[in-house]
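Hi there,

Here is the structure I promised to pass on to you. Have a look at it first, and then read my notes below.

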Amino acid sequence: MTSSIHIVIIDYPNALQSAVQGFKELFLIANKIIIDSQFDMQFTVSVVQSDSELSRNSQSDIVILPPNLDGHYYRAPKPEVLQFLHDAHNKGAILCSACAGAFILAKTGLLDNRPATTHWQLAEEFNSLYPKISLNVESLLINDGDIITAGGLMSWIDLGLEIVAQFTRPHIMRTLGKYLIVDTGKREQRYYGSFTPKFNHGNQRILQVQHYIQANYNQSLNISLLAGLACMTERTFLRQFTNATSLKPIKYIQKVRVQKACELLESTTQSFEQIALNIGYDDVNSFRKVFMTMIGLSPSAFKARFV
């Protein structure tokens with residue numbers, strides 16, 4: 001007898017509909033490949049919206065919270081949804097989220113003291129609301145056994161492929177990827193992220209320094225110079241800059257320069273050596289290490305992937 005894995009997709013208000021329907025269709029296509037592979041299992045999928053529909057799906061193997069398109073529901077989900085997630089988890093279901101769906105999972109408390117990811121642009125808000133969760137937005141997907149979280153808006157595809165691989169066989173997942181023409185290789189969210197500095201913190205002296213860094217990132221910058229611009233002692237400057245931007249000055253400068261390097265790799269024919277010199281690094285090898293640490297790819301691999 002063919003076994004069945006029951007998947008519940010919660011179509012909450014303002015959920016990304018292309019993901020809601022895309023999940024459903026991805027698992028239907030997977031079922032066809034599973035049959036061709038003579039694997040004794042099938043996915044069944046329910047898309048639920050109302051509280052009554054949730055109660056009719058009390059037995060589930062996987063529960064998925066899709067990405068959010070608009071609105072604020074994911075910040076304040078209904079208690080009935082949170083209770084459903086608790087109950088499903090207690091009965092052994094694997095809970096999954098993509099992008100902002102992680103906020104709903106976090107609201108249950110089930111992610112406390114555990115690793116998770118969400119969209120990199122939501123990281124600051126997520127950390128502020130849920131400090132007990134070990135957020136890693138560099139990761140596109142984190143499979144922590146009974147809870148799986150995926151990062152970006154389109155990471156629902158990666159999440160779907162992960163589920164297929166986990167409940168069938170890796171070769172079935174790869175066949176599905178080939179059919180969909182999507183990359184099934186290991187990826188990280190940091191490949192796609194960009195550095196957007198925090199400017200609305202209200203500290204005018206630090207803001208002045210940030211503007212200076214933005215305009216002079218290719219010059220020699222050090223703590224003494226920046227503290228002088230802010231009319232502060234170095235110790236006071238370090239404390240206030242870190243509090244305002246959530247980054248130490250050296251790390252902040254590195255992020256600005258790496259972002260500029262990414263832009264130049266994508267938009268010019270300059271070699272990485274030229275770019276490193278142009279953005280303020282005399283030691284190309286040193287900057288290469290910084291680049292690889294932050295982006296997760298070598299400069300040549302980054303250019304090959306995105307240009």
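**The largest pocket**

Please keep in mind that this is a predicted model. The largest pocket holds about 1,100 Å³ of space. Its lining is made of 30 residues, and those closest to the centre are Trp120, Ala123, Val137, Phe195 and Lys255. Which elements give two or more residues to this lining? They are helix 5 (123-129), helix 11 (249-267) and helix 13. Helix 11 provides the largest share, with 5 residues. By residue type, the lining of the largest pocket has 12 nonpolar, 11 polar and 7 charged residues.

**Aromatic pairs**

Searching the whole structure turns up 15 aromatic pairs. One of them joins Phe287 and Phe291: the ring centres are 6.5 Å apart and the planes meet at 70°, so this pair is edge-to-face, as angles over 60 degrees count that way. Both residues sit in helix 13 (residues 284-295), 4 residues apart, which is about one turn of the helix. Are they buried or exposed? Phe287 and Phe291 are both buried.

Phe291 also pairs with Phe302, and here the centres are 5.9 Å apart with the planes at 90°, so this pair is edge-to-face too. This pair links distant parts of the chain, since Phe291 belongs to helix 13 and Phe302 to helix 14 (residues 299-306), 11 residues apart. Phe302 is buried, as is Phe291.

If you want to find this group in the viewer, select Phe272, Tyr281, Phe287, Phe291 and Phe302, which form one aromatic cluster.

How values were computed: Residues numbered from 1 in each chain as written. Predicted model: local features only at pLDDT ≥ 70, side-chain atom pairs only at ≥ 80, totals over all residues. Heavy atoms only, no water. Phe/Tyr/Trp six-rings, centres within 6.5 Å; stacked < 30°, edge-to-face > 60°. Buried < 20%, exposed > 50% of the residue type's maximum accessible area, 1.4 Å probe, protein only. 1 Å grid on protein atoms, 1.4 Å probe; cavity = no way out; pocket = protein on both sides within 12 Å on 5 of 7 lines; lining within 4 Å. Points joined across faces, edges and corners; volume = space filled by probe spheres on them. Nonpolar A, V, L, I, M, F, W, Y, C, P; charged D, E, K, R; others polar.
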